[in-house]
Protein chains: 2
Amino acid sequence: LTIIVNTGDDFTHLGLWISPDLDTVCYTLAGMANPETGWGRINESWKVFESLKKLGMADWFQLGDTDLATHIVRSVWLKEGRPLSQITHDFCQLWDLHVNVLPMSDDPVQTWVYTDEGDFEFQEYFVHYKCKPIVRGFKFVGVEKSSPAPGVVEAIEKCDVVILCPSNPWVSIDPILAVPGLWKAIQGHLTIAVSPIIGATTVKGPAAKMFAELGIQPSALAVAQHYGSLIHSIVIDNSDNLLAQEITKLGVHPFLTNILMHERQDRGRLATEIITYISRYVRG
Amino acid sequence: LTIIVNTGDDFTHLGLWISPDLDTVCYTLAGMANPETGWGRINESWKVFESLKKLGMADWFQLGDTDLATHIVRSVWLKEGRPLSQITHDFCQLWDLHVNVLPMSDDPVQTWVYTDEGDFEFQEYFVHYKCKPIVRGFKFVGVEKSSPAPGVVEAIEKCDVVILCPSNPWVSIDPILAVPGLWKAIQGHLTIAVSPIIGATTVKGPAAKMFAELGIQPSALAVAQHYGSLIHSIVIDNSDNLLAQEITKLGVHPFLTNILMHERQDRGRLATEIITYISRYVRG
């Protein structure tokens with residue numbers, strides 16, 4: 001299993017390089033994630049953050065003490081010239097995490113959200129403005145000049161299946177697909193998306209809101225259309241059974257199951273179902 | 001009262017700009033200093049430092065959580081282009097500290113200690129190597145090109161008396177005196193040193209050890225000789241009464257009292273005695 005992670009959300013805050021998606025993936029897999037917030041670390045303390053607030057620092061991006069240590073170390077290592085992929089590998093080792101987690105690129109790519117209230121770096125839009133401004137479009141600044149991180153293309157080339165996780169298609173998956181060479185590398189492989197939309201809403205995050213604001217009725221069908229010819233199959237919720245026919249017309253196989261994940265065991269169940277489905281699909 | 005503080009000890013650690021002497025002065029005056037360690041903050045926690053150690057970071061320079069916030073904020077402000085003198089002023093405001101604390105310079109000056117085990121940045125020598133290597137000399141890198149911080153020369157010009165506090169002459173006072181223009185600015189003024197040495201030892205810190213390693217018998221007399229023509233008077237301990245005659249021969253007036261400061265009230269007493277002494281001295 002290789003996990004290729006979006007770094008378009010990365011940003012510099014208080015002089016520290018923060019990679020929110022890499023951290024969330026690693027913290028989650030290492031069992032260190034905070035299940036209540038969906039970001040940051042479990043059993044977290046806020047000593048430095050409280051002091052920073054007293055010194056008048058911006059408080060819209062919350063930084064727990066153990067999380068802050070991650071950002072300090074990453075920033076030191078980046079300044080020393082260590083690439084983000086190496087840093088991510090080193091963190092995985094330190095956290096006893098035996099999964100191959102790769103940033104999409106070692107080059108800086110910055111997701112900007114164009115809105116009716118101005119253009120924002122992703123974290124500003126997402127955390128500071130709580131996704132309230134109406135989205136007009138996106139730009140992944142620097143992506144044209146970026147290269148896939150070492151191992152990314154190799155992992156795709158030798159894999160049996162590429163799964164586009166139920167992350168936000170616009171701002172979590174698209175930045176990865178925009179890294180030169182990645183779309184092409186994926187095209188040769190069996191590729192399955194998991195819909196982040198059930199009915200017309202997302203379980204969490206602004207994906208459905210973004211579809212609507214860009215003039216597209218949010219649905220699992222819209223997700224399938226979004227990925228277009230890249231995907232062979234899409235995993236959608238049982239409740240979206242009425243969309244199956246339309247999705248099939250796109251040349252995409254719908255796989256219906258319960259895709260809502262509340263607990264850890266829901267994730268395991270869905271993953272197992274998808275693997276079983278793939279085996280059938282591949283044999284089929 | 002204007003306090004001009006050595007910044008030769010400043011260094012970058014974990015990507016953060018740390019000004020140990022400015023912090024110690026401000027924390028002490030704001031009643032936030034840790035009286036047990038002599039550095040850092042009182043009621044401190046170590047959450048981030050513990051996490052940093054787990055991630056393999058150097059642990060020779062201890063960073064408490066509230067102290068770390070100071071370094072993060074200072075580093076952010078420096079990166080924004082705010083001069084250190086302005087930053088120090090802003091911290092004093094935030095800490096409700098109504099004393100004029102000035103760094104000797106806004107320009108970076110770096111104290112290096114030449115030893116028989118190699119050359120070290122001051123904090124490395126002082127904290128990492130615990131002052132163990134034998135000192136051969138010092139260099140204040142960048143001092144020739146530095147300018148006094150705004151307000152430093154002005155404060156000296158309008159003052160009644162300059163007091164060289166009982167800090168280490170070699171590495172705490174000398175860097176200040178080496179800033180171009182400061183020795184000359186002080187020369188026109190009544191200047192009194194307080195000896196950091198009683199008998200042949202310092203109450204704390206490596207001053208006596210440095211005198212000895214440089215081939216000079218450590219004593220209050222050696223301190224008077226070190227400052228030479230710059231000082232008119234030196235405050236020495238009652239127990240050093242046998243040195244009074246030799247000091248007088250240098251053209252320096254010895255003022256004998258109990259200079260050992262254990263508690264806050266000792267500091268108040270010594271300060272009051274020195275002020276009384278100055279009044280007498282000035283009246284002549």
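Mentor: Start with F255(A), which has a relative accessibility of 12% and therefore counts as buried, the limit being under 20%. Bear in mind throughout that this is a predicted model. Y277(A) is buried as well, with a relative accessible area of 7%.

These two residues belong together. A search of the whole structure finds 28 aromatic pairs over all chains. In one of them, the ring centres of F255(A) and Y277(A) are 4.2 Å apart and the planes make an angle of 5°; planes under 30 degrees apart count as stacked, so this pair is stacked.

In chain A, four strands form an open sheet in the order β8-β9-β12-β13, and their pairing is parallel. β8 (161-164) and β13 (253-257) of chain A are the edge strands; each has a single partner strand, so one side of each is without a neighbour in the sheet. From one strand to the next, the twist averages 25°. Helix α10 (residues 220-227) of chain A packs on this sheet and touches β8, β9 and β12 (233-237) of chain A. The direction of α10 makes about 165° with that of β12(A).

For comparison, turn to another set of rings. Y27(A), W77(A), F91(A) and W95(A) make up one aromatic cluster. In chain B, W77(B) and F91(B) are both buried. Their ring centres lie 5.3 Å apart with the planes at 45°, so this pair is tilted. The pair links distant parts of the chain, with W77(B) in helix α3 (residues 65-79) of chain B and F91(B) in helix α4 (residues 84-94) of chain B, 14 residues apart.

Charged side chains also meet rings in chain B. R82(B) lies over the face of W77(B), 4.1 Å from the ring centre. The charged end of R41(B) sits over the ring of Y27(B), at 5.0 Å from its centre.

Notes
Residues numbered from 1 in each chain as written. Chains lettered and ligands numbered in written order. Predicted model: local features only at pLDDT ≥ 70, side-chain atom pairs only at ≥ 80, totals over all residues. Heavy atoms only, no water. Pairing = 2+ DSSP bridges. Helix = DSSP H or I, 4+ residues; strand = E, 2+ residues; numbered from the N terminus. Axes fitted to C-alpha atoms, helices over the stretch in contact; angles between N-to-C directions. Contact = heavy atoms within 4.5 Å. Phe/Tyr/Trp six-rings, centres within 6.5 Å; stacked < 30°, edge-to-face > 60°. Buried < 20%, exposed > 50% of the residue type's maximum accessible area, 1.4 Å probe, protein only. Lys NZ or Arg CZ within 6 Å of the ring centre and 35° of its normal.
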